[in-house]
Amino acid sequence: MAQTGLSASRPVRRADSVAATVGRIALYVVLICLSAVTLIPFVWMLSSSLKLDREVFEFPIRWIPKVFHWENYSLIWTKAPMLMYFKNTAVVAISVTLIQTMTSSFAAYAFAKLEFRFRDTLFLCYIATIAVPWQAYMIPQFIEFRSIGLYDTLLAIMVLQAFSAFGVFLMRQFYRGIPTDLCEAARIDGLSEYGIWARIMLPLSKSAIATLVIFTFIGTWNDYMGPMIYLTSENVKTVQVGLRRFIQENSSDYHLIMAASMVSLIPVSVVFLTLQRYFIEGIATSGLKG
Amino acid sequence: MIQQAPVSSCRRPGGKLRRRRTLVALSFIAPNFIGFALFTLIPVIVAVFMSMTEWSGGSLGNMKWIGLQNYEKLFAVPQRYIDRLENPNFFSILGLFFERVDIGIALKNTVTFTVITVPLTMVFSVALALALNKAVRGAVAFRAIIFFPYVSSTVAICVCWNFMMMKNGPINQLLMLFGSSFNKTWTADSNMAIWAVIIVSVWKSMGYYMVIYLAALQGIPRELYEAATVDGANKWQQFTHVTLPQLSPTTFFVSVMLVIGCFKIYDTVALMTGGGPGRATKMLVTYTIDEFNASKYGSACAIAMVLLVLVLTVTVLQFRMEKKFSAD
């Protein structure tokens with residue numbers, strides 16, 4: 001019985017391996033097709049950005065332009081103050097990222113490792129507001145900002161993004177995973193709570209901080225609705241609202257719009273490609289942020 | 001220096017110590033909490049009250065308390081429409097509500113968008129996660145590519161998709177190769193506009209949820225599959241009896257995030273269709289912003305509250321269901 005079973009299993013195994021090979025090839029075909037579909041808008045954007053405006057909607061479509069019109073990329077800087085948009089956005093994104101990371105990891109330490117009255121109540125307040133969409137309270141917030149003179153300033157966008165409950169939540173979850181014994185030992189050695197935070201918690205939470213930094217930076221860089229509501233003057237516009245204005249003002253210069261869009265993608269692409277490992281691991285472990 | 005008082009004397013003599021500890025803890029929280037309270041917590045509370053006022057800007061003294069009138073106005077079906085009905089009953093008036101009344105249209109569009117986008121995104125993200133969970137060469141590159149739309153700016157990709165879906169654009173050209181006769185600008189066609197928004201939304205977010213599913217798949221214990229193989233389960237049975245049930249906590253989480261995200265949709269609609277043509281893609285948040293731009297702040301807040309109630313209902317339902325399922 002055992003022997004026949006063994007000999008009979010051989011051809012089956014070969015058939016299995018053929019099926020497995022076919023399966024693998026199918027898998028790659030599907031993955032390559034889906035990646036191509038995902039990338040097509042970007043390829044089309046790049047291709048159109050190097051064409052003349054009348055060539056963009058040629059029939060049939062030509063993926064590689066006849067002549068590469070690189071001058072489109074120099075033309076856009078003269079049509080709109082793109083450089084200023086970039087500078088404004090960089091100022092906002094970098095300060096928001098700094099404030100957010102510092103204050104959230106600071107607060108998260110207290111929520112994760114210190115005991116005090118009202119801790120859980122306070123934390124519940126934070127958690128509850130994660131579920132409340134910004135759209136639900138943006139109007140009172142807008143009125144509040146306007147009455148303290150923040151309307152139409154970059155400071156408004158910074159304040160808007162810098163104190164989200166999400167950062168505190170993410171850092172707290174991470175800190176809870178760090179053994180409390182470490183803090184106890186440090187306390188016995190005479191470190192103050194601030195010392196424990198700076199010398200023990202911060203160095204141990206590099207990956208969580210990386211995640212928060214990327215989320216915050218990309219979120220702020222790409223934010224459209226906040227700047228749309230708060231910014232009207234040209235000299236404070238961010239890339240997103242600036243690009244939107246560029247599109248409205250040059251609505252039939254398809255090639256230039258695509259070139260400007262292409263340029264607006266560069267900073268986030270650089271950040272994402274260099275730090276994508278942290279980003280993807282961060283989502284996988286924290287699994288939050290919608 | 002002894003920091004921790006012995007257990008027996010913890011209560012009274014430790015009072016001073018405890019106060020000190022609380023102060024230290026509060027000093028940690030204060031920098032974030034002050035910002036959070038001023039710019040999030042207070043506005044949330046004020047929003048509830050503001051939805052019951054009438055105010056069109058100017059000095060705060062002009063704000064007038066009107067109770068639930070904003071909500072009544074929002075949900076009322078105008079009498080002139082009801083008069084034209086042949087036999088007005090509950091259902092025909094409800095039909096009018098979703099066809100004629102702004103909030104009804106916004107609710108209908110938002111729910112339609114959600115009901116289509118959520119399952120599509122989930123199917124794509126699970127399928128992609130399953131494919132990438134196999135030992136695939138270049139998995140990191142595939143993952144990064146599929147994830148990329150999620151981090152790219154909405155303004156840039158929306159304008160790009162808009163152009164691609166124009167008359168004679170590449171999408172229509174491609175569809176015509178497959179025998180389609182449709183060659184109109186998607187976002188200007190009242191039937192296709194919502195599909196344009198759906199396609200872009202699914203395309204943008206599937207990579208993000210794929211990563212979440214991928215993490216969940218890697219957390220499924222191998223022994224479960226081995227046990228299933230021993231019991232003679234084929235690949236499909238393994239998928240339906242091991243993989244799917246093991247993924248269900250993640251699916252709960254993902255579905256809630258997706259539903260809430262869909263309810264909040266604004267950017268994509270504002271940038272692609274502007275809520276049009278007509279009111280064909282008017283969403284709840286689009287409507288809020290319209291009222292806000294018309295300086296009807298109280299009414300705008302009332303619409304925002306409708307959104308808030310929807311979102312909170314979904315969140316509470318999710319927690320209930322999760323509890324029930326995990327208890328089983």
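pLDDT is the predictor's confidence in each residue, from 0 to 100. This is a predicted model, in which local features need pLDDT of at least 70 and side-chain atom pairs count only at pLDDT 80 or more, while totals for chains, interfaces and linings use all residues. Residues are numbered from 1 along each chain as its sequence is written, and chains are lettered from A and ligands numbered from 1 in the order in which they are written. The model has an ipTM of 0.81 and a pTM of 0.84.

**Confidence in chain B**
- Chain B has a mean pLDDT of 84, with 95% of its residues at 70 or more.
- Two residues are in contact if their C-beta atoms, placed from the backbone, lie within 7 Å.

**Interface of chains A and B**
- In the interface, 75 residues of chain B are in contact with 66 residues of chain A.
- Helix H13 (residues 254-286) of chain A supplies 12 residues, the largest share of the side of chain A that touches chain B.
- That side of chain A comprises 46 nonpolar, 15 polar and 5 charged residues. Ala, Val, Leu, Ile, Met, Phe, Trp, Tyr, Cys and Pro count as nonpolar, Asp, Glu, Lys and Arg as charged, and the others, Gly among them, as polar.

Methods
Helix = DSSP H or I, 4+ residues; strand = E, 2+ residues; numbered from the N terminus.
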